[in-house]
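Dear colleague,

I am passing on the structure we spoke about, placed just below. My notes on what was found in it follow, and I would be glad if you read them beside the model.

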Amino acid sequence: MKLTIFTPAYNRANLLYRLYESLQRQTVTCFEWIIVDDASTDDTQKVVEERIINNTKFETYYYCQQHGGKHRAINYALEKAKGEYFFIVDSDDYITDNAVELILKWIDDVEGIANIAGVAGLKVSEDGRIWGISKDKDVSQMMGTVVDATNFERKKFNLLGDKAEVYKTDILRKHKFPEFENEFFVTEAVCWDAIAADGYKLRWYFEPIYVADYLEDGLTKNGANELRGRINNYKGYCYYICQSLKIVPLKERMVRFRAYNKTRKAMEKGIVEAAQDLNVSTLKYLYYLLVLMPFVYVLRMIDKILLK
């Protein structure tokens with residue numbers, strides 16, 4: 001089987017059926033759908049068991065896990081997946097009617113290319129706006145564009161905002177999420193960056209396959225990747241920053257370090273303690289803070305001036 005579509009579900013009984021209907025409308029149905037329920041307290045299980053699981057045109061599997069967050073659900077699903085490729089579709093989103101057909105075509109395009117870890121398409125809003133592209137930008141000339149790039153090269157190729165990535169399952173299994181006790185979020189960048197650091201690229205297609213509108217109770221709107229989420233999931237956040245300081249290009253590395261420095265101030269952590277949390281010496285932390293961070297800030301200001 002070529003493709004596993006995976007959905008982490010947490011209290012989305014009212015929206016999960018919409019995703020199911022979009023999967024039912026696919027022009028090809030040679031894929032499996034894995035749902036991992038992260039201990040929902042609503043009617044998610046009832047909706048799946050009574051309305052979905054026995055009525056699909058494709059193989060569907062439903063699993064429940066102890067509440068642990070999306071990253072644990074991904075790790076769990078990777079062990080169950082039979083597809084060669086793995087496509088994460090959140091329970092409050094859905095896909096275009098031709099998404100699977102396009103993905104399978106793209107997979108055929110990259111078959112046998114050693115350094116390609118997967119393919120990716122666009123995410124759009126329900127009104128058709130492309131995420132990562134400003135409303136006043138003419139996108140007509142960009143449609144149909146194909147780019148081979150690592151996760152580190154996205155800005156260079158204007159691959160901004162959220163995209164719909166489909167990774168090889170075996171590669172994801174080698175780069176699973178770290179799990180920390182009593183923490184429920186780790187940014188997906190931990191995995192995508194590790195894959196990029198190993199030299200893998202994605203083939204990015206400028207075609208929409210995924211429809212997403214960010215809900216008020218979703219991870220994005222609730223600041224999982226912002227200050228509150230960083231504090232509440234501090235060990236996982238430190239893991240992400242430690243990794244970034246080792247493998248991410250300099251400019252982005254200092255952007256992330258600056259965000260961490262704001263976080264440690266909000267937590268009233270001293271520099272010595274913060275350095276220990278990041279597993280670096282105090283001297284190195286000060287070097288990042290007093291030398292590299294200002295230097296990169298100046299470079300970014302120069303870039304902005306030259307690009308005007």
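Helices (H or I, at least four residues) and strands (E, at least two) are taken here as DSSP runs, numbered from the N terminus. On that basis the chain has eleven helices and nine strands. Its radius of gyration (taken over C-alpha atoms) is 20 Å, close to the 19 Å that the globule rule (2.2 Å times the number of residues to the power 0.38) gives for 308 residues, so the chain is as compact as a globular protein of that length.

Please keep in mind that this is a predicted model, in which local features need pLDDT of at least 70 and side-chain atom pairs count only at pLDDT 80 or more, while totals for chains, interfaces and linings use all residues. Residues are numbered from 1 along each chain as its sequence is written, and side-chain values use heavy atoms, with hydrogens and water left out.

Along the principal axes, the C-alpha atoms fill a box of roughly 60 × 45 × 35 Å. Of the 308 residues, 50% are buried, where buried means under 20% relative accessible area, exposed over 50%, and partly exposed in between (1.4 Å probe, protein chains only). Among the contacts (heavy atoms within 4.5 Å) with a separation of 6 or more, 79% are accounted for by residues 24 or more positions apart. The accessible surface of the chain, computed by the Shrake-Rupley method with a 1.4 Å probe (for residues, only the protein chains shown count as cover), comes to about 15300 Å², and 51% of it belongs to carbon and sulfur atoms.

The structure holds 18 salt bridges, each being a side-chain nitrogen of Lys or Arg within 4 Å of a carboxyl oxygen of Asp or Glu. One of them joins Arg25 to Asp97, at 2.9 Å from N to O. Arg25 lies in the loop between helix 1 (13–24) and strand 2 (32–37), and Asp97 in the loop between strand 5 (94–95) and helix 4 (99–110), so this pair ties together parts that are 72 residues apart in sequence. Both ends are partly exposed, Arg25 at 41% relative accessibility and Asp97 at 35%.

Lys70 and Asp90 also meet in a salt bridge, at 3.0 Å from N to O. Since Lys70 lies in helix 3 (residues 70–80) and Asp90 in the loop between strand 4 (85–88) and strand 5, the pair ties together parts that are 20 residues apart in sequence; here Lys70 and Asp90 are both buried.

In a further salt bridge, the closest N and O atoms of Asp148 and Arg203 are 2.7 Å apart. This pair links strand 7 (residues 146–149), which holds Asp148, to strand 9 (residues 201–211), which holds Arg203, and so ties together parts that are 55 residues apart in sequence. Asp148 is partly exposed, with a relative accessible area of 30%, whereas Arg203, at 16%, is buried. Finally, Lys2, Glu84 and Glu111 are linked in a network of salt bridges.
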